Amino acid sequence: MKNFLTLAFVSLLLLTTACTGENKTDKLKPFGSIGKALCTLEKNSETILLHHEGKGALTHMWFGGNFPGYEQTVIRVYIDGEEAPSIDMELFPGHGMGHNDQFAPWGADKMGKTGSPSGIYNTFRIPFGKEIKVTAQLSPDSPDHPHFWWIIRGAENLPVTLGGVQLPDKARLKLYKLENREYDPMTEFDMCSVNGKGALFLVTVAAKGLRTHEEYDWTDMSYMEACVRSYINGGKDTLMLSSGLEDYFLGTYYFNEGRYANNIAGLTHLDLKNSEFSAYRFHDDDPLFFQDGFRLTCRVGETANGRINEGEINGNPPRTRYTTYVWLYQWK
């Protein structure tokens, strides 16, 4: 009887939907803006690229231009009238590219770079409840009023899913970043530390060992022995996310086969002589959800098996400089 009643209810719901012509797609309304070779960007003020009122999610951003400092152009996303933006990113680091590497084309479903120096795109789902505003501001190294192109698009009433799970209506995408931070060998440092509920979406890292030799010495890159660690729900126990830093980005043997890009991870820059790399790692199909806080760390080098205070150090890691971007969906 219970199964019969359930089936009857579902049939009635489907019949009602069919009769009224209502379904979830009826409320999905696209919106967007473009700029074609406009010269509105300045160094000392923000230019509004899109301002939309309503409820929904951004689905696409693309940027084009060719001027000094293009890669450092700052894109900010203000959600629901906030004064400080949830997302405040430079173009290249915000799309996984470090050390101003101009290499193209490369791409995956959620971001990439198709030209030189521009053609930078992403398809991040950025939800909002009342309004959303996207701005751009030139870096101090750029001339005022260069030609700039953009495409920004989204849809009203569009839900956001992660790992097959629909996120709560109050979920918001936030960016946490470190910029040009230097750490001594074996230091474990926070890439982000937050309270509340949420899920990890994307991590990008650009790093440079601050010791080099005239000829390549693998120990100058041995900061990459680092295991990426997470601490979930305020716990002290570690959930290890990798057996080495290049392994976290699905690489191996210090990225010995060079660049790659796929829907999970990619290597966007590698310079062994100067002890540099940059890479990205998505977690949408490999979700890490948390209910009571989340902390993500990296380490400058590593001991055997990732033990904090035991074992020999792998290689001889140098003092290292990092820029890291960590993207989280968060909600209350």
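In the predicted model, S45 has a relative accessibility of 29% and therefore counts as partly exposed, since this class lies between the limits of under 20% for buried and over 50% for exposed residues. The residue is located in the loop that connects β1 (29–38) with β2 (47–53). Its side chain forms a polar contact of 2.8 Å with the side chain of E42, and, when neighbours within four places in sequence are set aside, S45 is in contact with A136 and Q137. Between S45 and Y176, by comparison, the separation is 131 residues in sequence and 22 Å in space, taken from C-alpha to C-alpha.

Turning to the pockets, the largest has a volume of about 530 Å³ and a lining of 21 residues, among which N157, L158, P159, Q166 and D169 lie nearest its centre. By residue class, this lining of the largest pocket comprises nine nonpolar, five polar and seven charged residues.

The lining of the second largest pocket divides into nine nonpolar, nine polar and six charged residues.

Notes:
Residues are numbered from 1 along each chain as its sequence is written. This is a predicted model: local features need pLDDT of at least 70, side-chain atom pairs count only at pLDDT 80 or more; totals for chains, interfaces and linings use all residues. Side-chain values use heavy atoms; hydrogens and water are left out. Helices (H or I, at least four residues) and strands (E, at least two) are DSSP runs, numbered from the N terminus. Buried means under 20% relative accessible area, exposed over 50%, partly exposed in between (1.4 Å probe, protein chains only). Contact means heavy atoms within 4.5 Å. A polar contact is a pair of N or O atoms within 3.5 Å; within protein, one must be able to donate a hydrogen and the other to accept it, and residues adjacent in sequence count only if both atoms are side-chain atoms. On a 1 Å grid over the protein atoms alone, a cavity is a set of points where a 1.4 Å probe fits but cannot get out, and a pocket is an open set with protein on both sides within 12 Å along at least five of seven lines; lining residues have an atom within 4 Å of a point. Grid points are joined across faces, edges and corners, and a volume is the space filled by probe spheres set on the points. Ala, Val, Leu, Ile, Met, Phe, Trp, Tyr, Cys and Pro count as nonpolar, Asp, Glu, Lys and Arg as charged, and the others, Gly among them, as polar.
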